[in-house]
Amino acid sequence: MSGDVLAADVPADTRGGARDESRGAGFERTVPQELVHKTAAGEVLLTDAVRVRPGHFYLAVRTPGGHGLYGPDAAGRTDPTLFVEMLRQAAIYLSHRFYGVPLDHPFVFCGLDFDVPPPAPDDIHDDAVVLEVHCRETKERTPKRAAMSLRARLLSSGGVRATGSVTWQAVDSARYSALRTRGAGGTPPPAAGTAVTVAPPGARVMRPELVGREDELDVVVAELTSPDGATAGEEPGQDAVAGLEPGEVWALHVDQSHPVFFDHPSDHVPGMLLLEAVRQASRAALGPAPAPLYEWTMSGGGVEFDAYCELTAPTWLLVRTSPGGEAADEVTLRVDAVQNGRSVASGTARWSAAPARGASGDSGAAGVSSASGVGGVAGVSGASGVNGVAGAEETAA
């Protein structure tokens, strides 16, 4: 592995800072799986990297065609969570290669945000893309912990494709074990890979088309069948569901045989699965697009991880509209994941109505009705009182 990206792939206005290092192998060969914590080689998105100055990097990334999970949406747009996975892998790779984090240190992701604006009508998709990353350590380094953050732009010949950020920690095994035991109420978590996922009784996995998916294997949201929006086993809590309609409470569905979310065994629900739950629960709440021949498409959002999401208890997904005025064809939904009476993650998903594949029309969706009547979330405002990450050492990976 050369450790460099092609000079031609570094934007001209910054190439001077990388002129002595930008000469490598480019996009053809991926980095070793262990450096991005992946088992399957096909899941590795990074192919090369160069450090142009302290804290400033360019990473060559690939956009796999025909990926089972990260495929285009109903409007034909690239899956925005593919960009988030690029950020996740970049955080891990840079930590190991450039910041000396040992390979045996578990990673704890604290929060992320992303913005993937719709392409211009005359924009041409370019598979050769580069991730420009600014990375920094957010706390003093110790042998047992590294705390870091990054901000990134996804660049191609067409300009900036996406922007986003990630915060995380890497800790030694003893510290991770202590955090996990404390987060589980003093009980050691199950061994990674143990099939102990608990689903609420009576929950029914959603049909793929209702959550913006094509394959039922990829569905991570279940609908509740009881009339009051809760089932036996665990009540979300009166404060959490006050004022909500039944359809706005969903259940997390976890399949530990999923080849992407559980590419390697985990002792908790992975953060990328929780991000997918935010996307799917909000899409389910939206219901049909607000005009014929249009589809809902997600262009951004974020998640803050407040605690480890355990595999041993049901998880509730509470969907609300976010306060504030929006365009008639746009809506932002908030999703809180609640387990054992406390928030384990809180996220937002930003949606807009776009012409479906094969349909003509302007992506501005002129004349599209207001999102205030969307899928049963009309009139719901405010949030659940989650105030971001509840301490960096209480977060979920």
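User: By class, what makes up the lining of the largest cavity?
Analyst: Happy to walk you through this predicted model, in which local features need pLDDT of at least 70 and side-chain atom pairs count only at pLDDT 80 or more, while totals for chains, interfaces and linings use all residues. A cavity is a set of points on a 1 Å grid over the protein atoms alone where a 1.4 Å probe fits but cannot get out, and lining residues have an atom within 4 Å of a point. Ala, Val, Leu, Ile, Met, Phe, Trp, Tyr, Cys and Pro count as nonpolar, Asp, Glu, Lys and Arg as charged, and the others, Gly among them, as polar. The lining of the largest cavity then has 7 nonpolar, 2 polar and 1 charged residues.

User: What volume does the largest cavity have?
Analyst: The residues lining the largest cavity include T197, V198, L252 and E310. A volume here is the space filled by probe spheres set on the grid points, which are joined across faces, edges and corners. For the largest cavity that comes to about 50 Å³.

User: Which elements each supply at least two residues of the lining of the second largest cavity?
Analyst: The second largest cavity has a volume of about 30 Å³, and among its lining residues are L274, A277, D336 and A345. Helices (H or I, at least four residues) and strands (E, at least two) are DSSP runs, numbered from the N terminus. Those supplying at least two lining residues each are α4 (271–286), β12 (330–339) and β13 (342–355).

User: Which residue does D336 meet in a salt bridge?
Analyst: D336 also lines the second largest cavity. A salt bridge is a side-chain nitrogen of Lys or Arg within 4 Å of a carboxyl oxygen of Asp or Glu, residues are numbered from 1 along each chain as its sequence is written, and side-chain values use heavy atoms, with hydrogens and water left out. At 3.3 Å, N to O, the partner of D336 is R320.

User: Are E85 and K38 buried or exposed?
Analyst: Their side chains meet in a salt bridge at 4.0 Å, N to O. The pair links distant parts of the chain, with E85 in helix α1 (residues 80–98) and K38 in the segment before β1 (46–53), 47 residues apart. With buried meaning under 20% relative accessible area, exposed over 50% and partly exposed in between (1.4 Å probe, protein chains only), E85 and K38 are both buried.

User: How many salt bridges does the structure hold?
Analyst: R207 and E209 form one at 2.8 Å, N to O. D79, R213, E276 and R279 are linked in a network of salt bridges. The total for the structure is 15.

Notes: On a 1 Å grid over the protein atoms alone, a cavity is a set of points where a 1.4 Å probe fits but cannot get out, and a pocket is an open set with protein on both sides within 12 Å along at least five of seven lines; lining residues have an atom within 4 Å of a point.
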